[in-house]
Amino acid sequence: MTDRSLVLGRYSIGTGDRFAHQAKAQLRACMLALQAGIEIQPAWNKSNREHTIIGSEPGSVRQAADAAVRQLGWKHPYFVDADHIGARTVDRFLEACDFYTIDVADFIGQEAELAEIDAFASAHKSLLGPIRLEGVEDSFTITENDLRLTATKFLTAVKTAGVVYRQIEAAKGKGNFVAEVSMDETDRAQSPVELLIILAAIAGEGIPIQTIAPKFSGQFNKGVDYVGDLEQFEREFVLDVAAIAYAVSHFGLPGNLKLSVHSGSDKFSIYPAIHSTMKRFNAGVHLKTAGTTWLEELVGLAESGGDGLEIAKEIYCDAFADRDELCAPYATVIDIDARELPSPNVVRGWSGEEYAAAMRHNPVEPRYNKSLRQLLHVGFKVAAKKGSRYLALIEENEDIIARNVTENLYKRHIVPVFLGARA
Ligand SMILES: [Zn+2]
């Protein structure tokens with residue numbers, strides 16, 4: 001698996017741009033990182049679900065990315081990621097994208113055939129017993145039972161990833177795209193032992209993945225901080241990174257293989273652990289964010305006052321009215337306390353500064369309201385319904401929005417994860 005031509009660098013960040021207007025402001029955050037001495041390659045990601053809700057096509061993401069790169073003179077690699085695609089949804093992404101997040105979470109737990117499990121277990125006998133992971137004190141032991149149970153649960157998912165990978169390869173040509181396999185949108189986290197066995201299966205299936213997105217333990221709610229046991233997260237993250245290094249040297253997976261953290265944006269409290277683990281293992285990471293940028297559009301609109309503030313308030317009031325419908329598709333990744341949601345009448349009376357203070361993810365700001373933030377995170381459909389009026393206002397207030405978008409991505413995400421300091 002060495003004949004790849006398109007190679008994802010050690011550090012990369014996935015950014016989402018719901019309305020395709022912030023690519024330049026996002027790329028500026030990567031330029032700031034470059035000035036600070038570190039190359040972070042951007043990947044603009046958008047899922048089929050987002051395209052469907054907004055009524056956009058993958059080509060618009062490609063256009064916005066290309067234009068931003070041209071205008072800012074970015075000389076480094078960048079990507080357009082078909083986020084969370086599968087066999088049924090990949091077609092519309094084949095032309096525009098060069099990064100494919102193959103989502104097989106729905107196939108986890110579909111039991112593999114007994115013959116397949118037997119074949120897998122006998123082909124991977126060498127994994128049985130204690131595994132020496134480089135740089136980790138207590139490495140783990142894999143039993144016959146681990147091997148068979150993991151195969152039972154995950155082989156069907158891995159084979160499905162193989163089918164989708166070959167579908168993309170047939171259209172794009174080998175080596176012309178980055179492949180990721182994602183298993184994060186499921187109910188149970190994968191352990192590091194499972195991750196190692198899954199990587200063996202992926203290698204056996206012949207998928208030259210450059211990133212893998214497991215589900216980590218803890219809650220990764222949209223647009224708000226991590227909820228869970230920080231020590232456990234760090235322990236597992238360390239073992240995951242060490243398991244990947246093992247898989248690269250023993251299973252022949254690409255040398256740049258790294259974890260993709262589908263963060264749901266804004267997981268500030270785990271960023272120091274991610275940074276220190278990367279340093280310790282000299283490893284890379286792909287940090288996938290998305291909705292955090294759309295929330296900065298709202299912050300910028302609110303701060304701009306006038307019609308911008310007006311539409312930001314309207315969006316909250318409409319989202320409040322439609323909250324059940326908006327939240328339903330995201331039920332497992334949001335945690336809104338309805339009692340914390342201000343009534344529309346209260347919000348109608350807010351100044352731009354008050355709106356921004358409630359919205360902006362500044363954990364030490366007493367007015368910061370994480371329920372309001374999560375509701376608006378899933379409320380982009382409301383803005384999409386406002387159509388050209390919304391787009392005209394974000395164009396009119398481009399400067400103030402861009403400042404918020406760049407600062408949010410750079411200071412709150414890039415600095416703590418890749419540069420290693422608190423913003
Ligand atoms: Zn994901």
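In this predicted model, the buried residues of helix 13 are Gly352, Tyr355, Ala356, Ala357, Ala358 and Met359. Helix 13 spans residues 352-359, and six of its eight residues are buried, so the helix is largely enclosed by the rest of the structure. The elements against which these buried residues pack are helix 9 (292-304), helix 10, helix 12 (344-348) and helix 14 (370-377).

**Helix pairs**

Two packed helices are described by the angle between their axes and the distance between the axes. Two pairs are set out below.

| Helix pair | Angle | Axis distance | Handedness of crossing |
|---|---|---|---|
| Helix 10 (residues 306-321) and helix 16 (residues 388-396) | about 135° | 10 Å | left-handed |
| Helix 1 (residues 23-35) and helix 3 (residues 58-72) | roughly 50° | within 9 Å | right-handed |

Helix 10, one of the partners of the buried residues of helix 13, also packs against helix 16 at an angle of about 135°. On the side of helix 10, the contact involves Asp307, Gly308, Ile311, Glu314 and Ile315, which meet Arg389, Tyr390 and Leu393 of helix 16. Sorted by class, this contact of helix 10 with helix 16 comprises four nonpolar, one polar and three charged residues.

Helix 1 and helix 3 are likewise described as oblique to each other. Ala23, Lys24, Leu27, Arg28 and Met31 form the helix 1 side of their contact, and Ala64, Ala65, Ala68, Val69, Gln71 and Leu72 form the helix 3 side. The contact of helix 1 with helix 3 divides into eight nonpolar, one polar and two charged residues.

**The zinc site**

Which residues supply the protein donors of the zinc ion? They are His84 through NE2, Asp184 through OD and His262 through ND1, at 2.1 to 2.2 Å from the ion. Along the chain, the donor residues follow the spacing H-x99-D-x77-H. Asp184 and His262 link distant parts of the chain, being 78 residues apart. Asp184 lies in the loop between strand 7 (178-182) and helix 6 (192-204), whereas His262 belongs to strand 9 (residues 258-262).

**Two loop residues**

Gly135 is found in the loop between strand 5 (129-130) and strand 6 (141-142). With a relative accessible area of 49%, Gly135 is partly exposed. Leaving aside residues up to four places away in sequence, Gly135 touches Arg280 and Phe281. Gly135 and Phe281 are separated by 146 residues in sequence, yet their C-alpha atoms are 7.3 Å apart in space.

Glu340 occupies the loop between helix 11 (323-327) and helix 12; helix 12 is also among the elements that pack against the buried residues of helix 13. Glu340 is partly exposed, at 33% relative accessibility. Apart from residues up to four places away in sequence, Glu340 touches Asn369, Lys370 and Ser371. Val285 stands 55 residues from Glu340 along the chain, and 35 Å separates the C-alpha atoms of the two residues.

Key:
Residues are numbered from 1 along each chain as its sequence is written. This is a predicted model: local features need pLDDT of at least 70, side-chain atom pairs count only at pLDDT 80 or more; totals for chains, interfaces and linings use all residues. Side-chain values use heavy atoms; hydrogens and water are left out. Donors are N, O and S atoms within 2.8 Å of the metal (3.2 Å for Na, K and Ca); water is not among the atoms, so sites may look incomplete. Helices (H or I, at least four residues) and strands (E, at least two) are DSSP runs, numbered from the N terminus. Axes are lines fitted to C-alpha atoms, for helices over the stretch in contact, and angles run from 0 to 180 degrees between N-to-C directions. A crossing is left-handed if the near helix is turned anticlockwise from the far one by less than a right angle, and right-handed if clockwise. Contact means heavy atoms within 4.5 Å. Ala, Val, Leu, Ile, Met, Phe, Trp, Tyr, Cys and Pro count as nonpolar, Asp, Glu, Lys and Arg as charged, and the others, Gly among them, as polar. Buried means under 20% relative accessible area, exposed over 50%, partly exposed in between (1.4 Å probe, protein chains only). Angles under 35 degrees count as roughly parallel, over 145 as roughly antiparallel, 65 to 115 as roughly perpendicular and the rest as oblique.
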